[in-house]
Amino acid sequence: MKKIYIGKNFSETPVGRYLSDGPYSGEKFREEILHPALKENDIVSVVIDDAEGYGSSFLDEAFGGLVRKKYFTAAELEKKLSIECTKPDYLFYRVLIWKYIKEAQPA
Amino acid sequence: MKRARHLRGNEGKRVHKRLWLLRRRDKIFRCKGRRPFGTSAAGLATNEHTAASVSIGEDRNLVIELPEALDFEENYEATASHFAVLRQAVRQRKTIRRLSFQKLRVISPAAALVLASEVDLWNFRTRGRLVADIDSWSEEIKRLLCEMGYFELLHIRKPDIAWPKGNIAFINFKRGRIKKIDPGPLAKELRIEIEQLVGQPIKKQILFEGLSEAMTNVVQHAYPDATNITLKQWWMSASYDFTSKRLWVTFFDQGAGIPVTLPKAHFFEYITGYDQFWSDSKKIEVAMETGRTSSGQTERGKGLQNLVEFAKSHVKGQLSIYSLCGMYRQNFIVKNNEPVASTSRVDHAVSIGGTLIEWSVVLE
């Protein structure tokens, strides 16, 4: 199992959807950190409460993008991916992440 | 037009889109086919009901006189008309001799931000040669603009006066140029500055989310046809009333506007073109409710809905979006631990010249 701390391993201030939106976008996180980790490990745990906050475009591209890009299906991600969060203020991001994964349609 | 018709493929699409945007912008300036606009002696479009005070001096240069009150609530048309005349004069590179603050007695923080952005662009065009004739300004306007950071933004000499501390505190106007700044650290910096202003922690992740999404929206949608990086800018301000515990955060860009960047989303709209008859406020409402934006991609457009969260997460919150001639507002009041929302929208005759986002929340 691999644990990814978004704040520590990626950026404390992740913003934007695509690489063109900024240096710490959802696309960059998915392509450089999340997708390789999911490919190499059976289970990946992503800790979300060490960053400043998240815009929905970042979360949708990072997590929903896994389904849109046909890297994994939503069912596979339910088995492989866990979202960890201890701060109550960040719990709704976990709900959003799973919502985006389930709503995403393979392109 | 001839050239564009002969172009094929992506180049043709690009040229057609640019022509469409230019035509759309022109239509907005003429205010959707109504004829409230005449042409002033200075050759600038003015509204006959709310005509901006423009005159031509002996040296044939323009003198624009600001009205007594500048705000977007009670005096929208007069406020926006004056800003439109200033913007048009700057863009047409007319020589403005003076922007008179002599009559000005009241200015709201949102109007001050838009005024500062217009003067900022004028200052850029004149290569920073503007001088403030503050002796003619009222004491209240001097104090307000000093506290809002007007002089720091424009790099002009600030009056050397120590004002007594008032009930309302401000953070200095901020300007950002897209592509030059990483929005993340800047949004965090602004969030910290706002917390210092109010002197208590606020829902940090939600404010960060709102600010960063507002900046990302400017990058993604606001300036589809601008080529000059100095024109792709946004401005921000915040103020806090210690008596009512109300915080205002205001964000402005001079981009194409949400009504212009809103594409057709359904096949029916392509066939009938009925969305052409929607007012600007209706288009903002549609963009907010369906998450539809210029990208046309179904997964995008969530950013506008993100803006609501900061207003929604407080006991009393309000999000107002002014874009071109429209204004759309969502009010939230928490009743029985659930936010109850109400919406309103208004259309005006004069465009605000971009998009103004204003959050207003009462802190607990």
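Please keep in mind that the model is predicted.

I begin with the sheet. Chain A holds an open sheet of three strands in the order β1-β2-β3, with parallel pairing. β1 (2-5) and β3 (81-84) of chain A stand at the edges with a single partner strand each, so one side of each has no neighbour in the sheet. On average, and ignoring direction, neighbouring strands of this sheet are turned by 20° against each other. Four bridges join β1(A) to β2 (44-47) of chain A in the parallel sense; in β2(A), A:Val47 is the bridge partner of A:Tyr5. Helix α2(A) packs on the sheet and touches β1, β2 and β3 of chain A, its direction making about 170° with that of β1(A).

I turn now to the helix pair. α2 (26-40) and α3 (56-68) of chain A pack at an angle of about 40°, with their axes 8 Å apart. The two helices, α2(A) and α3(A), are therefore oblique to each other, and their crossing is right-handed. Among the residues that meet are A:Phe29 and A:Leu34 in α2(A) and A:Phe58 and A:Leu66 in α3(A). By class, this contact has six nonpolar, four polar and four charged residues.

Finally, the chains. How many residues does the contact take from each chain? It takes 21 from chain B and 21 from chain A. On the side of chain B that touches chain A, α7 (183-198), α8 (204-222) and α12 (303-312) of chain B each supply at least two residues. The largest share, 10 residues, comes from α8(B). That side of chain B divides into six nonpolar, seven polar and eight charged residues.

Technical notes
Residues numbered from 1 in each chain as written. Chains lettered and ligands numbered in written order. Predicted model: local features only at pLDDT ≥ 70, side-chain atom pairs only at ≥ 80, totals over all residues. Contact = placed C-beta atoms within 7 Å. Nonpolar A, V, L, I, M, F, W, Y, C, P; charged D, E, K, R; others polar. Axes fitted to C-alpha atoms, helices over the stretch in contact; angles between N-to-C directions. Parallel < 35°, antiparallel > 145°, perpendicular 65-115°, else oblique. Left-handed = near helix turned anticlockwise from the far one by under 90°. Pairing = 2+ DSSP bridges.
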